Amino acid sequence: MTSMTGKISFFLYLGIFFMVLVLIDQTRILLFEISPITILSLDSDIWIGAIFTFTASLLAFIIGGVLGYGLGILVGASVLDLKTNRGIRVLGMYANSIYDGFYIIPLVLTVSFWYAIAFLWHLKYGMPSFFIGLILVSIAGLSLGGYNVYHSVFHAVFHAKQENICLTESLFLKRTLFGLEKIFGENFIQCLKITKLLVDCQIHSFAESLERAFHLSIVAIIILESVTLSFYELVLPQSGAYKPWLGGLGRLILSAQQNNQFEIIAGVIWLVLLFDLLVLYSIKTLIKSNWTVFYRR
Amino acid sequence: MLKKLNLKITAGTIKIDKDFEIEFVASESCFIWKSGIELTFLNGFSGIGKTTIMNLCYNYLKRKENTSLATIKFEASLNLDNSFTVYVPQNPPMVNHWQIKKLLPMNPCFKEVFFPKEPQSLLSKRLGECSGGQKLRIYTWSALERLKAEDKFEGFFLLLDETLDGLGNDKMYECLRSIMDVWRKLVRKPLYILIASHLYKNECSSILQSSQLKLEKTNNLSSVCVRMFNQ
């Protein structure tokens, strides 16, 4: 009851504040120029650019999430203390340190470096330009969002509680169907299964990392677009006049900034927030139906 | 005839508390197991060091790290390197989203031991749909199925830390007797059960032919006293 009253009071005061702003001439125009209705004034270039940005963000999230999870499971399994070869454990710790370093380096520098490498392969070995785009989207996905997922998985193993380790080592584990034990050794496959179970023991942390990974994927893609000129021309080579949407939302925002068109920037912000909200709702629904619904208090 | 042996465990301060410290003082054999199925109860009041001993036992049996632990003696023909150990700890993580059937084989053997009256549809449930006690029994069930599945080993250890205490005295002993009966029928290999429990009755233990490790506090030190039944 108290929290409900508090919420109503908050919105009441907020409403009064905005009404006062509307009444004042100087602020009225500014308020309308940064409100959500600015979405309706965005032109076609922005909408087309948004489609490319949002598609790339989803792709970065999927690639980063899958690769981050896979790396986390592999590195986590290698450091599990279960008769593991010492050489493999050391390799796992080195891999973890390298990925930590990868995360610390500013994304702008990482993207610039890999853009140079990929462009070199394109010139020297004739790699299609589409793959440059794919490599950069993957790097963007892995650098921020993918790292969050990886860190959550690795942390669940490396800092696992004694009880978690004892239980997961003791439970019945179904045999794999594809005879992977014969290829990688029974011990390593068992470590992989136990690592997966240890992540299950910290499922809330893992679920939060997935949500964060999605937020960070949008951030990473917009940074990528800002740093790379006409990024989507790598994917869709164009002839003729320059098309602004080929730079995605990142480049379009930079153009709007240079022309002091802050209502366009505000419109793009609201558009990104809307997209973020819709996709995050879908992710949360999936997470809830598979995992968190069984932990209701 | 009851035998009472006063034994001391190997040296090293394990746990320091503001009121007391547990020091296991050197070194005689502590757990004496023979072939077949051996059941040893480890009991003492709360805080005396039962879980500490269980953890040390598990680390020793699983990883062969001989830290500050009693020497475990068993039948000479049983090679410790060829044994497999499972442990259900006192406060295991309750992973509610796990499907029960994923923790068990296609044809589980120990269902009648733990859930004799539950229908087969139990297997399609998630752990979150079970009570706390049921979850612990499911974990123990899965651990036993794991032991049975590891057929390349010659001896098996099952460590339970107050796992079945929720069943109450009589039900717990009934459950342990069922485990031993089913194991004898299906797996003709040695099984050694070490169970830390607050529930302990002399007459029931003598029926199960178990031994007891009783932790007592003397002069701020925990020591172990072993009583062997029907030896």
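Mentor: We start with the contact between the chains and then turn to chain A by itself. Keep in mind that this is a predicted model.

Begin with the number of residues. Chain B brings 31 residues to the contact, and chain A brings 25 residues. Together the two chains bury about 2500 Å². Carbon and sulfur atoms give 56% of that area. On the side of chain B, three residues lose the most area to chain A: B:His97, B:Trp98 and B:Arg146. Together they make up 25% of what that side buries.

Now ask what kinds of pairs cross the interface. The salt-bridge rule finds 0 between chain B and chain A. Polar contacts do occur, in 9 residue pairs. Both residues of each pair have pLDDT 80 or more.

Which elements of chain B supply the touching side? Helix H1 (50-63), strand E7 (83-88) and helix H3 (132-149) of chain B each give at least two residues. H3(B) has the largest share, with 6 residues. Sort the touching side of chain B by residue type, and you get 16 nonpolar, 6 polar and 9 charged.

Next, chain A. What is it built from? Chain A has 12 helices and 0 strands. Its pattern along the sequence is α-α-α-α-α-α-α-α-α-α-α-α. The C-alpha trace of chain A spans about 75 × 65 × 30 Å along its principal axes.

Pick one pair of helices in chain A. Helix H3 (residues 44-79) packs with helix H11 (residues 248-258) in chain A. Their axes lie 7 Å apart, at an angle of about 140 degrees. Angles over 145 degrees would count as roughly antiparallel. H3(A) and H11(A) are therefore oblique to each other. From H3(A), the contact uses A:Asp45, A:Ile46, A:Gly49, A:Ala50, A:Thr53 and A:Phe54. From H11(A), the contact uses A:Gly248, A:Leu249 and A:Leu252. By type, these residues divide into 5 nonpolar, 3 polar and 1 charged.

Last, back to salt bridges. Over all chains the count comes to 4. In one salt bridge, A:Lys196 pairs with A:Asp200. The closest N and O atoms of A:Lys196 and A:Asp200 are 3.2 Å apart. How are these two placed along the chain? Both sit in helix H9 (residues 186-201) of chain A, 4 residues apart, so about one helical turn separates A:Lys196 from A:Asp200.

Technical notes
Residues are numbered from 1 along each chain as its sequence is written. Chains are lettered from A and ligands numbered from 1 in the order in which they are written. This is a predicted model: local features need pLDDT of at least 70, side-chain atom pairs count only at pLDDT 80 or more; totals for chains, interfaces and linings use all residues. Side-chain values use heavy atoms; hydrogens and water are left out. Contact means heavy atoms within 4.5 Å. Buried area is the accessible area (1.4 Å probe) that two parts lose on being put together, summed over both. A salt bridge is a side-chain nitrogen of Lys or Arg within 4 Å of a carboxyl oxygen of Asp or Glu. A polar contact is a pair of N or O atoms within 3.5 Å; within protein, one must be able to donate a hydrogen and the other to accept it, and residues adjacent in sequence count only if both atoms are side-chain atoms. Ala, Val, Leu, Ile, Met, Phe, Trp, Tyr, Cys and Pro count as nonpolar, Asp, Glu, Lys and Arg as charged, and the others, Gly among them, as polar. Axes are lines fitted to C-alpha atoms, for helices over the stretch in contact, and angles run from 0 to 180 degrees between N-to-C directions. Angles under 35 degrees count as roughly parallel, over 145 as roughly antiparallel, 65 to 115 as roughly perpendicular and the rest as oblique.
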